[in-house]
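Here is a quick tour for anyone meeting this structure for the first time. Have a look at the model, then read on.

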Amino acid sequence: MDKKLGLGALISLVIGSMVGAGVFSLPQNIAAHASAGAVALGWAITGIGMICLALVYQNLSMRRPDLDGGIFSYAKAGFGDFVGFNAAWGYWISAWVGSTGYLVVIFSALGAFGALAFFGDGTTPAALAGQLAVLGLMHYLVLRGVKSAAFLNVVVTTAKMVPLVLFILCVAMAFRVDTFRVDFWGSAALGSLTDQIKNTMLYTVWVFLGIECATVYATRARSLVDVSRATMLGFTITMLLLVCVSVLSLGVVPQEQLAAMKNPSMAGVMAAAVGPWGGALMNLGLIVSVGGALLAWTMLAAEMLYLAGRGNSHTAPAVFGRLNAAEAPASSLWLTNSLVAVLLVINCINNAGYNLLIQLASSLCLIPYFLCAAFGLKTATRPGTQAGAFLVTSAVATLYGAWLIYAGGLSFLLMSMILYAPGIAFFVYARRERGLPAFVTGVEKGFAGLIVTLALVALYMIASGQLAL
């Protein structure tokens with residue numbers, strides 16, 4: 001990739017980083033918690049919040065080109081080493097939990113084919129064996145230093161777009177207003193309108209995970225203007241696709257039936273619209289699409305821990321900041337994929353499935369997103385800064401980040417703390433390894449104490465049956 005990337009290539013990269021497995025299960029994920037009216041309002045909130053978050057990343061990349069570690073660098077520069085590490089740690093866990101979800105949904109899609117029914121919903125022993133085999137292949141490819149990201153992205157994005165566009169066209173023709181209007185504002189079982197909107201938020205966030213990757217390719221771009229345009233156009237195209245998929249589906253299959261549909265639910269909706277061949281096409285599209293996305297997110301997860309451990313980052317053990325001969329972050333990759341394997345086994349035993357994994361992955365990412373938005377707001381309010389629209393978008397993004405943490409609910413926040421807590425040991429070891437004090441301020445100590453306390457509360461609630469995995 002020696003040549004500079006133009007607008008078309010950048011748009012493809014933006015869309016490819018955001019559209020993954022989530023869209024193929026979006027109809028059921030959304031319908032399980034909300035009516036058509038609540039879905040529309042939920043997308044409006046998501047659209048405004050996410051576009052503001054995208055603008056924050058875009059502005060920070062141009063205003064602070066010295067911060068080249070993305071989420072980790074922004075949180076660290078804004079709030080100190082310990083907070084910065086937790087942003088990287090939470091994002092890293094979110095990435096490998098999300099990768100686990102990708103593996104589950106791939107084999108759930110394979111299980112939809114009669115000859116491969118033994119894969120079930122992706123949580124059977126046969127599915128586990130297949131998932132571990134695919135994970136091993138991804139691990140091998142990344143260790144060898146996969147550098148064909150641009151070509152792979154074009155293939156994956158095309159594989160995603162073709163079935164998505166065909167789905168929208170077919171479902172639009174099969175759309176029935178009477179079906180769409182059934183319990184438009186929700187039945188009593190779905191709860192209040194506010195509860196419905198809140199309950200959809202983790203799913204709408206999940207399908208936009210990767211929006212922060214839009215500015216990663218700025219150094220390869222023909223110009224920063226192209227980066228700006230690609231970010232906005234890529235987001236707009238993705239937003240339109242996702243809204244059409246979730247909203248139009250409610251006009252083909254009633255909400256109650258859609259909520260009970262097996263994932264990937266796009267296959268079920270397509271089959272209802274055009275027949276069995278449509279369902280088979282959606283499953284094939286998902287398998288190809290998610291396979292490519294899985295590789296990208298495997299690399300991203302390993303890269304995030306590498307960024308926290310490299311050079312003078314001072315926040316993760318130095319072993320994770322090293323590259324092998326192929327320039328792959330081998331140590332962080334081994335830890336990452338070992339944990340994915342463990343989570344796959346746990347998921348198989350608990351028969352938890354895809355939904356729990358994506359909700360947990362989304363919840364883990366909420367704190368890093370909030371921290372980056374807050375750093376944007378801090379940057380915009382600095383004396384002498386020509387903020388203007390940046391001040392408004394960063395303020396909205398910060399409020400949206402806080403709303404997401406609230407909407408995610410206490411259960412997932414507590415479960416995420418169980419995964420955040422072990423990171424404290426990594427951080428303390430890394431600081432002592434470099435001869436630095438573990439915590440610089442009392443606020444950092446208090447933050448660490450809060451994480452541990454919430455993690456212990458969560459473990460007690462799980463043991464007593466008050467919190468279910």
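## Thr 393 and some helices

Thr 393 sits in helix α16, residues 389-408 (helices are DSSP runs of H or I, at least four residues, numbered from the N terminus). This is a predicted model, where local features need pLDDT of at least 70 and side-chain atom pairs count only at pLDDT 80 or more, while totals for chains, interfaces and linings use all residues. Residues are numbered from 1 along each chain as its sequence is written, and side-chain values use heavy atoms, with hydrogens and water left out.

Thr 393 counts as buried because its relative accessibility is 11% (buried means under 20% relative accessible area, with a 1.4 Å probe and protein chains only). Its side chain reaches the backbone oxygen of Phe 390 at 3.1 Å. Leaving aside residues up to four places away in sequence, Thr 393 touches Cys 52, Leu 55 and Val 56 (contact means heavy atoms within 4.5 Å).

Next, a pair of helices: the axes of α13 (residues 276-309) and α14 (residues 330-350) come within 8 Å and cross at roughly 125° (axes are lines fitted to C-alpha atoms, over the stretch in contact, and angles run from 0 to 180 degrees between N-to-C directions). These residues make the contact:

| Helix | Contact residues |
|---|---|
| α13 | Thr 298, Ala 301, Ala 302, Leu 305, Tyr 306 |
| α14 | Ser 332, Leu 333, Leu 335, Thr 336, Asn 337 |

After α12 comes Gly 275, with a positive phi near 115°.

How values were computed. Helices (H or I, at least four residues) and strands (E, at least two) are DSSP runs, numbered from the N terminus. Buried means under 20% relative accessible area, exposed over 50%, partly exposed in between (1.4 Å probe, protein chains only). A polar contact is a pair of N or O atoms within 3.5 Å; within protein, one must be able to donate a hydrogen and the other to accept it, and residues adjacent in sequence count only if both atoms are side-chain atoms.
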